[in-house]
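Hello,

Here is the structure I promised to pass on. Please open it alongside this note, and I will walk you through the charged side chains.

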Amino acid sequence: MPGYANTKASHLRRLRRIEGQVRGLQRMIETDEYCIDVLTQISAATKALQAVSLGLLDEHLKHCVSQAITEGGTTADAKIAEASDAIARLVRS
């Protein structure tokens with residue numbers, strides 16, 4: 001079971017809201033809205049996605065990584081490396 005199992009409904013609600021934001025961005029481009037207004041909405045959608053990703057990362061660390069550390073051995077090392085890689089990807093984006 002994934003670490004976000006208890007908050008799955010919340011994540012799905014947030015992602016649906018973000019989906020609506022992206023559709024709104026498409027409409028803004030289609031109707032030739034002012035560039036700065038489009039960029040402002042892109043920034044809001046980006047921050048919303050970042051909030052979802054940080055929540056998922058937090059849950060992964062608390063559930064999957066902590067469980068692997070409890071088990072120890074190569075499983076723990078692999079989960080820590082996996083989490084580090086995910087953090088690096090988020091920082092680069």
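Glu 82 and Lys 79 sit 3 residues apart in helix α3 (residues 73–92), about one helical turn from each other; helices here are DSSP runs of H or I with at least four residues, numbered from the N terminus. Their side chains meet in a salt bridge (3.6 Å, N to O), meaning a side-chain nitrogen of Lys or Arg within 4 Å of a carboxyl oxygen of Asp or Glu. Glu 82 is partly exposed at 39% relative accessible area, and Lys 79 is partly exposed at 26%. Buried means under 20%, exposed over 50%, and partly exposed in between (1.4 Å probe, protein chains only).

A word on the source: this is a predicted model, where local features need pLDDT of at least 70, side-chain atom pairs count only at pLDDT 80 or more, and totals for chains, interfaces and linings use all residues. Residues are numbered from 1 along each chain as its sequence is written, and side-chain values use heavy atoms, leaving out hydrogens and water.

The count comes to 3 salt bridges. In helix α1, Arg 23 and Glu 19 lie 4 residues apart and pair at 3.4 Å, N to O. In helix α2, Lys 62 and Asp 58 are also 4 residues apart, with their closest N and O atoms 3.0 Å apart. Lys 62 is exposed at 60%, while Asp 58 is partly exposed at 34%.

Best wishes

Key:
Helix = DSSP H or I, 4+ residues; strand = E, 2+ residues; numbered from the N terminus.
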